[in-house]
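Please keep the sequence and the 3D view at hand while reading.

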Amino acid sequence: PDSAQESPNRGTIVASGPGPRMKDGSRGEMSVGIGDEVVYGPYSGSKVELNGSEYKILRASEILAKINQ
């Protein structure tokens, strides 16, 4: 039913890692950077709390879209 569907969440990238590991062992390029606004699924990532602020850690594959403004 429609009532069971949850909408995606939005967030701003505050840090990013080196990029995904490719099959040949090299690192791929990240498609998002610090300050980018992204959309991710409601059950994606892991919540962490640091210095009183809550953050969400996501894999690059969990990001559904990057919002261009």
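## Strand pairing and the hairpin

Two strands are said to pair if DSSP finds at least two bridges between them. The model described here is predicted. Strands β3 and β4 pair in the antiparallel sense, over 5 bridges. Within this pair, V48 has Y55 of β4 as its bridge partner.

The hairpin of β3 and β4 has 2 residues between its strands. In this hairpin, N51 takes a positive phi near 55 degrees.

## A nonpolar patch on the surface

Which residues form a nonpolar patch on the surface? The patch consists of V14, V48, L50, Y55 and I57, and together these residues have about 440 Å² of accessible area. Strands β3 (46-50) and β4 (53-57) are the elements that give two or more residues to the nonpolar patch.

Y55, a member of the patch, lies in strand β4. Its relative accessible area is 34%.

## The three-stranded sheet

An open sheet is formed by 3 strands, in the order β1-β2-β5, with antiparallel pairing. Its edge strands are β1 (9-12) and β5, each of which pairs on one side only. On average, neighbouring strands of this sheet are turned by 30 degrees against each other, direction ignored.

Strand β1 is joined to strand β2 (residues 37-40) by 4 bridges, and the two run antiparallel. R10 stands opposite V39 of β2. As a general point, the strands of a sheet pair through backbone hydrogen bonds, either parallel or antiparallel.

## Salt bridges

How many salt bridges does the structure hold? There are 2 salt bridges in the structure. In general, side chains of opposite charge can pair when their charged atoms come close.

One of these salt bridges is between the side chains of E37 and R10, at 2.8 Å from N to O. Because E37 lies in strand β2 and R10 in strand β1, the pair ties together parts that are 27 residues apart in sequence. R10 counts as exposed, with 53% relative accessibility.

D36 also forms a salt bridge, with K66, and here the closest N and O atoms are 3.5 Å apart. D36 lies in the loop between β1 and β2, whereas K66 lies in strand β5, so this pair ties together parts that are 30 residues apart in sequence. K66 is partly exposed, with a relative accessible area of 39%.

## Residues outside the strands

Is S44 buried or exposed? S44, in the loop between β2 and β3, has a relative accessibility of 11%. Since buried means under 20%, S44 counts as buried. Leaving aside neighbours within four places in sequence, S44 is in contact with K56, L58 and E62.

N68 is found in the segment after β5 (63-67). With 68% relative accessibility, N68 counts as exposed. N68 and K56 are 12 residues apart along the chain, and their C-alpha atoms are separated by 21 Å. K56 is also one of the contacts of S44.

Technical notes:
Residues numbered from 1 in each chain as written. Predicted model: local features only at pLDDT ≥ 70, side-chain atom pairs only at ≥ 80, totals over all residues. Heavy atoms only, no water. Patch = residues over 30% accessible without salt bridge, like charges linked within 9 Å, V, L, I, M, F, W, Y side chains within 5 Å. Areas by Shrake-Rupley, 256 points an atom, 1.4 Å probe, with all protein chains shown as cover. Salt bridge = Lys/Arg side-chain N within 4 Å of Asp/Glu carboxyl O. Buried < 20%, exposed > 50% of the residue type's maximum accessible area, 1.4 Å probe, protein only. Axes fitted to C-alpha atoms, helices over the stretch in contact; angles between N-to-C directions. Contact = heavy atoms within 4.5 Å.
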